[in-house]
Amino acid sequence: MRVAVIGGGVIGLCAAHYLERRGAEVVLLERDAVGGGCSKGNGGWVCPSISRPLPAPGLTLTSLRWMLRSDSPLYIKPSAMPRLMGWLWAFRRHCNAESYRAGVTALAALNAATDRLYRGLAEEGMAFERAESGTILAYDDERELGQTQALLARLGEERVGPVEVLDRDALAEAEPDLRGGLIGLRVRDDAHVRPESLCAELAASLEARGVEIRTGERVVGFTRKGDRVRAAIAWAARSGSAAHGRPARIGADAFVLAAGAETSVLAEPLGAKLPVQAGKGYSITVGNARVRLSQPLHVTPARIGFTPFRGAVRTIGTMEFSGINLRLDRRRIAILERAARRYLPGALEGTERADWVGMRPVTPDGLPAVGRLPDLPNVYVATGHQMLGVTLAPSTGHALAQLMLEGRSDIELAPFDPARLA
């Protein structure tokens, strides 16, 4: 089977990897640079422990109004509201305990193979930056800590690993530069990767095995015969390296749409509606940061995270709904700066700095869409991973490859069926 994977982020790369490993002939299309979208500047957390749907119980109309403030961690741009109203209403309908519990269970099942698959990538010789250092979730509220502890207990140690409660003294000892007198939970089996190095290694491995990677090509449509797609039509993207002066026709037996938040735009010419919105995230990466940080750290009161890499620390956070765009709003960066100065000021002090924005793909129920598009027997999607793309990428690619080439997967994909969103 010849498969065209559209999207060169971590999800598309993992889909291409496992498809090729199972015998498919793969061509990967990316409009920019491989790994250059939302996969580039995120926190790189591989954390089944915090794999949860984004819509959670307790969202009210009052909190929706609060989200219209540009200084809130979750921000909805007022000018985007008319386009977002239907999606937001669907999102709000999933903010209940039943949907949340079902989503947590589904994500835990998808994550069951995460550690094994990441180890498998390393055993194949991919030398991406990875550390099994665990994760610390820090709180200023004992009640909120207790709720998370109870949730992790329900998932079970076999899924999330051992969890340790850290009082103020223990947390200060674990992370001496953390301020705020916080308490915490340490999840010892969590890991993290440098997402840029992961994507680069996946791409290099694919090319070494003969996979064709075409960058600088924007897919603008498809040709069909009956209910089957025969080819993707691509033009040279302005930011890419492709030089063709007329549209290229890339034929395949099957297609995977894995273009992150823009997957919904790809699906439109096929008559498929995918309610995927861009939840823009921001990060600040500081080289040689003057801070001691031994593991990823989530500071719950500020809804902010920190990741230590070799020679750098990345500050991550905020969620902005303003449509499909990559405009970097300095007010959102300022939120990260204020929180970092309060809790881990050394994370902003170093020799160099890079500010980043990326579009996380978010569905109304907060779960990925992984599987075949309704009424299109040879078109599949893999998108909607919100803030969990790096965590879920290998299991998504593995399960999708099984589904496409064998007709079934050993990972339960029913909760992620794109048909639920139609």
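Predicted model: local features only at pLDDT ≥ 70, side-chain atom pairs only at ≥ 80, totals over all residues.

Visitor: Which helix gives the most to the lining of the second largest pocket?
Guide: The lining is made of 19 residues, with Pro-48, Asp-115, Glu-158, Arg-159 and Asp-189 nearest the centre. The elements that give two or more residues to it are helix H5 (114-123) and helix H7 (157-160). With four residues, the one that gives the most is H5.

Visitor: How many charged residues are in the lining of that second largest pocket?
Guide: Let's go class by class. Seven residues of this lining are nonpolar and three are polar. The charged residues in the lining number nine.

Visitor: What volume does the largest cavity have?
Guide: A cavity is a space where a 1.4 Å probe fits but cannot get out. Counting those of 30 Å³ or more gives one cavity. The space in the largest cavity is about 40 Å³.

Visitor: Which strand and which helix each supply at least two residues of the largest cavity's lining?
Guide: Start with the residues that line this cavity: Leu-59, Leu-64, Met-67, Leu-74, Ile-76, Leu-88, Phe-91 and Phe-321. The elements that each supply at least two residues are strand E4 (74-76) and helix H3 (81-93).

Terms used. Residues numbered from 1 in each chain as written. Heavy atoms only, no water. 1 Å grid on protein atoms, 1.4 Å probe; cavity = no way out; pocket = protein on both sides within 12 Å on 5 of 7 lines; lining within 4 Å. Nonpolar A, V, L, I, M, F, W, Y, C, P; charged D, E, K, R; others polar. Points joined across faces, edges and corners; volume = space filled by probe spheres on them.
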